[in-house]
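Welcome, and please have your viewer ready. We will go from one selection to the next, with a few words on what to look for at each stop.

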Amino acid sequence: MSDKPWRNVIAVDELEKDWVTRVEVGRRTIAVYDTPTGIHASLALCTHGGADLCDGYFDDHVIECPLHQGAFDVRDGQPIAAPATRAMRVLEVRVRDGKVQIRI
Ligand code: FES
């Protein structure tokens, strides 16, 4: 658990249903995922070649990178398809008063 403060990043009803939504937080681009089991978030940066994961294909709990089709499980960031081999950075998420909050 981080001791960083929670930050509102987007309203839940503004999320793309069953898809990935791009959110800018300061200078960082965050990918917020609406999944069958809840909302998850990560830095939008692919650990293979730095592509923007918000431009990728999303299904269930898997984000596929738009550049070389590496893929990650958005629940824990683990790579599940080559050429991605390093985990992406997932962020703590919660929902309060209809807003998605993350710690970053
Ligand atoms: S940049 Fe994402 S798989 Fe290569």
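## Stop one: a charged pair

Select Lys17 and Asp18, whose side chains form a salt bridge with an N to O distance of 3.8 Å. The term salt bridge is used here for a side-chain nitrogen of Lys or Arg within 4 Å of a carboxyl oxygen of Asp or Glu. This is a predicted model, in which local features need pLDDT of at least 70 and side-chain atom pairs count only at pLDDT 80 or more, while totals for chains, interfaces and linings use all residues. Residues are numbered from 1 along each chain as its sequence is written, and side-chain values use heavy atoms, with hydrogens and water left out.

Lys17 is exposed at 66% relative accessible area, and Asp18 is partly exposed at 42%. (Buried means under 20% relative accessible area, exposed over 50%, and partly exposed in between, with a 1.4 Å probe and protein chains only.)

## Stop two: across the sequence

Next, pick Asp55 and Arg22, which meet in a salt bridge at 3.0 Å, N to O. Asp55 sits in the loop between β4 (38-43) and β5 (57-59) and Arg22 in strand β2 (residues 20-25), so this pair ties together parts that are 33 residues apart in sequence. Strands here are DSSP runs (E, at least two residues), and helices are runs of H or I with at least four, numbered from the N terminus. Arg22 is partly exposed, at 37%.

## Stop three: Asp73 and Arg75

Move on to Asp73 and Arg75, another salt bridge, at 2.8 Å from N to O. Which of its partners is buried? Asp73 is, with a relative accessible area of 13%, whereas Arg75 is partly exposed at 44%. A search of the whole structure finds six salt bridges.

## Stop four: Val12

Select Val12, in the loop between β1 (6-11) and β2; its relative accessibility of 30% makes it partly exposed. Show Lys99 too: 87 residues separate the two along the chain, yet their C-alpha atoms are 5.4 Å apart. Beyond its neighbours within four places in sequence, Val12 is in contact (heavy atoms within 4.5 Å) with Ile39, Val95, Gly98, Lys99 and Val100.

## Last stop: residues 6-102

Finally, colour residues 6-102, which an unreviewed UniProt entry annotates as "domain: Rieske". UniProt positions follow the numbering used here, feature names are shortened, and annotations may be inferred rather than shown by experiment. Over residues 6-102 the chain is 49% strand and 0% helix, with its end C-alpha atoms 5 Å apart.
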